[in-house]
Amino acid sequence: MARDFKDKVVVVTGAASGLGYALCKRFARAGARIAGIDKDEKGLAALSEELASMGAQVSTFVCDVTDEDLVNATFKQILDSMGDIYVLINNAGVSHVSLFQKTKTSVLKTVIDISLFGTIYCTKAAIDSIIRTQGTIIGVASVAGYAPLAGRTGYAAAKHGMAGFLNTLRTEVARNGVQVLLVFATYIKTNLGKNNLSADGTPMSKERPTSGNVLMPDDAADSIFNAAAQEERQLMLGETAQASWDLYHSDPAAYEQIMLSLNEFVFEQ
């Protein structure tokens, strides 16, 4: 049977824009009570206003997911004010576009701290509650979570780490009735491209080249919502994600050749 999210608490990180914003709207349309987490206070205010106009119940929390103490305090606020959590969507993330040789290790640490440790901190803060509700934990990963992506060593490390963490966590919490969904996403039209970090950590402020179809956030959110409702373990989000999975696992050398040809620009930066 499909899971019902009506009146359930759904927590979304990276909620102030892009996919996170769209996920908040999609679960709100299903009657969920939304807790949106982000560093962007203005974006959260816009989210709150839009969801309220839909008649949805929403609370927003300004929080940097790389700050474990702040994450713990934020989740305590959510639990105290909204009750137990049914769905946690680990969506917050940032990437970089720069060769490892040229990239400051501080940039790699920032990327890993947000996407991987942010996921770990939020999941740790929510896990007891999610076990009580027999709820769902979702991680928004990437093609870079199972295959190489030149110029994104830190991002690949973070998303590979997220995949390993959540796939292993599933084996520990399945007996408690908890579902874990890992989303391997292809390109989604969000601000992530413009917010990519360069080798020295400054935002690039321009879109990166993409390959394959680019998904719109609302369409991506629909797919993730449906996968969560159907208790799926893994979602290949977009045709490019599925094609990349199939090729990389059947012929990794051929995959690497194609990937390098599409990302040749990183060697010229």
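Where does Q134 lie? Q134 is found in the loop between α4 (105–133) and β5 (136–140).

Good morning. What we have here is a predicted model, in which local features need pLDDT of at least 70 and side-chain atom pairs count only at pLDDT 80 or more, while totals for chains, interfaces and linings use all residues. Residues are numbered from 1 along each chain as its sequence is written, and side-chain values use heavy atoms, with hydrogens and water left out.

Let me begin with the sheet. Helices (H or I, at least four residues) and strands (E, at least two) are DSSP runs, numbered from the N terminus. Two strands are said to pair if DSSP finds at least two bridges between them. Seven strands form an open sheet with parallel pairing, in the order β3-β2-β1-β4-β5-β6-β7. At its edges stand β3 (58–62) and β7 (234–237), each of which pairs on one side only. On average, neighbouring strands of this sheet are turned by 15° against each other, direction ignored. Axes here are lines fitted to C-alpha atoms, for helices over the stretch in contact, and angles run from 0 to 180 degrees between N-to-C directions.

Strand β6 (residues 179–185) pairs with β7 in the parallel sense, over four bridges. F184 stands opposite M236 in β7.

Helix α8 (residues 239–250), in turn, lies across β6 and β7 and runs at about 110° to β7.

I return to the backbone. Q134 is not a glycine, yet has a positive phi of about 55°. D7, in the segment before β1, is likewise a residue other than glycine with a positive phi, near 65°. As for accessibility, buried means under 20% relative accessible area, exposed over 50%, and partly exposed in between (1.4 Å probe, protein chains only). D7 is partly exposed at 45%, and Q134 is partly exposed at 44%.

Finally, how many disulfides are there? The count comes to zero, a disulfide being a pair of cysteine sulfur atoms within 2.5 Å. The sulfur of C122 is 6.3 Å from its closest cysteine sulfur, in C63, and is therefore too far for a bond. C63 is buried, with a relative accessible area of 4%, and C122 is buried at 1%.

Technical notes: Contact means heavy atoms within 4.5 Å.
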